[in-house]
Amino acid sequence: MTRTSATGSEGAVALLERWLAGLSAVEGASPKTVTAYRHDVSGYLGFLAQHWGEPAGKAALARVSTRDMRSWMAYERARGLSARSLARALSAVKSFYRWLLEAEGLDAPAVVATRTPKIKARLPRPISADAARTMIDTAEVQHKQDWAGTRDVAILTLLWGCGLRISEALSLTARDVPLPDMLRITGKGGKERLVPVLPAATKAVEAYVRACPWEITGDNPLFLGIRGGALNPTQVQKTVRDLRLQLGLPETTTPHALRHSFATHLLEAGGDLRSIQELLGHASLSTTQVYTGVDQVRLLEVYDQTHPRASADKN
């Protein structure tokens, strides 16, 4: 069976598009999120149409059974979809049905009750402090153009020394220079956070600005490519990949691994897990727990310190 879209049912398509439009306009979902949801739910509706031998209309969507859901999930796994990707698709389908219940009064308990596939935890592997320093030192001589090497040093220093994502580092503009002691960063979901800037990061950025042959002014991007345009994230990824191969570092050495290392090294130095959570911009403490590899006992200690009332209730 090949994957199809939901084009066989105007009713389902209309409902899907109304939901996606609401996600974009009302909830502020990013275009990438909307595209992913459209792909996942369209695939689900297309499967139902082939599974039933008829378009999955509005009335039929309410009659989805547990067997139908199991058949869909089995088909996706047989098609080669990973447990993680299937969990994402199921989450999208459930979100669609929650909207159907609210907007159309359409209740499908079998869908809501479907269990998410078990996913093996994928723990991040931070880079050692020595390896991170060596990468930054080597980046300076990696390019034929000296100024580009200075630029890469500044970027890697921000990823490792401030815990920034690539997108966050590349979102900086000329107005952010010179870097303040506390940098205001807008992360995922438009959530803002304050990040302390190390003197090493300030010096690295200033050295790059002095060396850059292109004019960096106003709201223009701080980090520029060889031709003077905004630096592409793939170039940062390529730089780290080249450094990894040159230095013989493991394949897990990625730009995001530098962010993992920022969190882990802070924790090893005695940093507070709750503070690290805020610096990284994580919505939940459990996400920070995974980043730093902290054990469950330490997590509960932090929870008890943060929520003393919960501890009193236990006693």
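Is F47 buried or exposed? At 4% relative accessibility, F47 counts as buried, where buried means under 20% relative accessible area, exposed means over 50% and partly exposed is in between, with a 1.4 Å probe and protein chains only. The model is predicted, and local features need pLDDT of at least 70, side-chain atom pairs count only at pLDDT 80 or more, and totals for chains, interfaces and linings use all residues. Residues are numbered from 1 along each chain as its sequence is written, and side-chain values use heavy atoms, with hydrogens and water left out.

The ring of F47 has a partner. The structure holds eight aromatic pairs; rings of Phe, Tyr and Trp (its six-membered ring) pair if their centres lie within 6.5 Å, and planes under 30 degrees apart count as stacked, over 60 as edge-to-face and the rest as tilted. F47 and Y75 are stacked, because their ring centres are 5.2 Å apart and their planes are at 20°. F47 belongs to helix 2 (residues 31-52) and Y75 to helix 4 (residues 66-78), so the pair ties together parts that are 28 residues apart in sequence. Helices (H or I, at least four residues) and strands (E, at least two) are DSSP runs, numbered from the N terminus. Y75 is buried as well, with a relative accessible area of 12%. One aromatic cluster is formed by W19, Y37, Y44, W72, F96, Y97 and W99.

Helix 8 is mostly covered, with 16 of its 17 residues buried. After helix 5 comes G105, with a positive phi near 70°; after helix 8 comes G163, with a positive phi near 70°. Most residues other than glycine have a negative phi, and most peptide bonds are trans. The peptide bond from V177 to P178 is cis, with omega near 0°, and P178 is in the loop between helix 9 and strand 1 (182-186).

Helix 7 (residues 129-139) has buried residues A131, A132, M135, I136, T138 and A139. Down the axis of helix 7, these buried residues fall within an arc of 165°, so they line one face of the helix; the arc is that of the directions from the helix axis to the C-beta atoms. D130 and D137 are exposed on the other side of helix 7.

The largest pocket has a volume of about 320 Å³. A pocket is an open set of points on a 1 Å grid over the protein atoms alone, with protein on both sides within 12 Å along at least five of seven lines, and lining residues have an atom within 4 Å of a point. The lining includes G28, K32, R165, E168 and K188. Helix 2 and helix 9 (166-170) are the elements that give two or more residues to this lining. By class, the lining has no nonpolar, seven polar and four charged residues; Asp, Glu, Lys and Arg count as charged, Ala, Val, Leu, Ile, Met, Phe, Trp, Tyr, Cys and Pro as nonpolar, and the others, Gly among them, as polar.

Definitions and conventions
On a 1 Å grid over the protein atoms alone, a cavity is a set of points where a 1.4 Å probe fits but cannot get out, and a pocket is an open set with protein on both sides within 12 Å along at least five of seven lines; lining residues have an atom within 4 Å of a point. Grid points are joined across faces, edges and corners, and a volume is the space filled by probe spheres set on the points.
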